[in-house]
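Dear colleague,

Please find below the sequence and the structure that I would like to hand over to you. My findings follow directly after them.

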Amino acid sequence: MSDHERASIEMANPGRLATLLRKEREALIDRWLDRVLNDPGVPTANKLGRPALEDNMPVLLDRIIERTAGGDFDVDDLSDGSGRHSVGAKEIGTAHAEHRFDVNYTAEETIRELSIFREVLLELCAENRIVLTLDESKVVHLAIDEMMAVDAKQLETQVFSRSEQVMAIVAHDLRNPLNIVDGYAQLLKMDPAPGVVAAAQAIERSTKQMTRLIEDLLAMSQLELGHMSIQQQEADARELVTEVLDQFRHTANRKGIALTSHLPEREVLIGCDPLRIEQAIGNLVSNAIKFTPHGGRVWVELERTGTRVIFRVCDTGSGIAPEQRPQVFRPFWQGGEAGRHGVGLGLAIVRGIVDAHGGSVSAHEAPGGGAMFCFTLPVLEEARSSKSFRIGRPSR
């Protein structure tokens, strides 16, 4: 028998991968650890001892050895019953991820570490002139892929959690000095000197604008992360509109803008989170005032049609070009030729709040050529129950 024929028989031996891994188990682990400890993409590894790094890898190797030892499996044997193929490494991946995050590993480092493990394992096979069969390759790659899938989910959770923490810290650190500034503005307003009072009022308006921006940033962060809850209760839609218009009356007067409403004579009961709906109406009214020139008009209409309530916020500004209207509810959207400016979160937040209440929102041309934003909500008997929701991301 020639050497080539003998090598072919050895390579066809169904248990050869398991035999190699049993024989080279410790050497494989050592080589992987050395590579990880010296890899700049896994800096946290340098702070840990070898036993701490080794934790779950021997178990993963045992799983691969177990599945390749008999060599009598086929593709169907790798199914976990969910339509995907599996070698049962998810519990190992979960433990691995938990251990890594306990010692302040980032998910990126964990995934990099598993990638190195895959490379070293395949290098070992190549050095021993073992060409993996299709089934062996599936076992090896699926085992590691399952672990990495767990870590990838940890990565996504970690990124979102970090984002939420940053937003909470920023909001807290900004609110405190703003509260102090606003407090001193209230003291200054007690001064009888006209100039001092005017200055205090200007400070007060600025702090309110900054506070509103902070609230928008927090709301958008909660929408992205799916952590904003809707607490439903009975409310009269007319009162919500009136409350919002009272908040913006002074701003409109300063610009010489007529701020009016057209409301039904009888109450219009809806099931909603009143604070959130006021926030949605407020964002629309704020935009309308911002983009309406001096001497213009902004008005809010409320109409009940069947089982729906329609809110309309209209202005006599420059309006929004028809081709731009489908884009205006995207986060951070900026109108170009229409001259709209700002952070670009207000309308995205409106959409998120309205969607969560089972409604819909759209942009149109107002009578006279300005902008008109409409959103609908179900009347009380049709309203949804309280729920959590997200915007811009598929539910997990």
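**Findings from the predicted model**

The chain contains twelve helices and nine strands. Please bear in mind that this is a predicted model. Of the 396 residues in the chain, 43% are buried. The contacts also say something about how the chain is arranged: among those between residues at least 6 apart in sequence, 74% join residues that are at least 24 apart.

**Two packed helices**

In general, two packed helices are described by the angle between their axes and the distance between the axes. Here, helix α2, which covers residues 16-23, packs with helix α5, which covers residues 57-69, at an angle of about 150° and with the axes 7 Å apart. Since angles over 145 degrees count as roughly antiparallel, α2 is therefore roughly antiparallel to α5. The crossing of these two helices is left-handed.

Which residues make the contact between α2 and α5? On the side of α2 they are L17, A18, L21 and R22. On the side of α5 they are L61, I64, I65, T68 and A69. Sorted by class, the contact of α2 with α5 consists of seven nonpolar residues, one polar residue and one charged residue.

**A residue of helix α3**

R31 lies in helix α3, which spans residues 25-37. Is R31 buried, exposed or partly exposed? R31 has a relative accessible area of 28%, so it counts as partly exposed. Leaving aside residues up to four places away in sequence, R31 touches V120, E123, L124 and E127.

How many disulfides does the structure hold? The number is zero. A disulfide requires a pair of cysteine sulfur atoms within 2.5 Å. For C314, the closest cysteine sulfur is that of C374, and the two are 6.5 Å apart, so they are too far from each other for a bond. Likewise, C374 is in no disulfide, and its nearest cysteine sulfur is that of C314.

Are these two cysteines buried or exposed? C314 has a relative accessibility of 1% and therefore counts as buried. C374 is buried too, with a relative accessible area of 10%.

With kind regards

Terms used. Residues are numbered from 1 along each chain as its sequence is written. This is a predicted model: local features need pLDDT of at least 70, side-chain atom pairs count only at pLDDT 80 or more; totals for chains, interfaces and linings use all residues. Side-chain values use heavy atoms; hydrogens and water are left out. Buried means under 20% relative accessible area, exposed over 50%, partly exposed in between (1.4 Å probe, protein chains only). Axes are lines fitted to C-alpha atoms, for helices over the stretch in contact, and angles run from 0 to 180 degrees between N-to-C directions. Helices (H or I, at least four residues) and strands (E, at least two) are DSSP runs, numbered from the N terminus. Angles under 35 degrees count as roughly parallel, over 145 as roughly antiparallel, 65 to 115 as roughly perpendicular and the rest as oblique. A crossing is left-handed if the near helix is turned anticlockwise from the far one by less than a right angle, and right-handed if clockwise. Contact means heavy atoms within 4.5 Å. Ala, Val, Leu, Ile, Met, Phe, Trp, Tyr, Cys and Pro count as nonpolar, Asp, Glu, Lys and Arg as charged, and the others, Gly among them, as polar.
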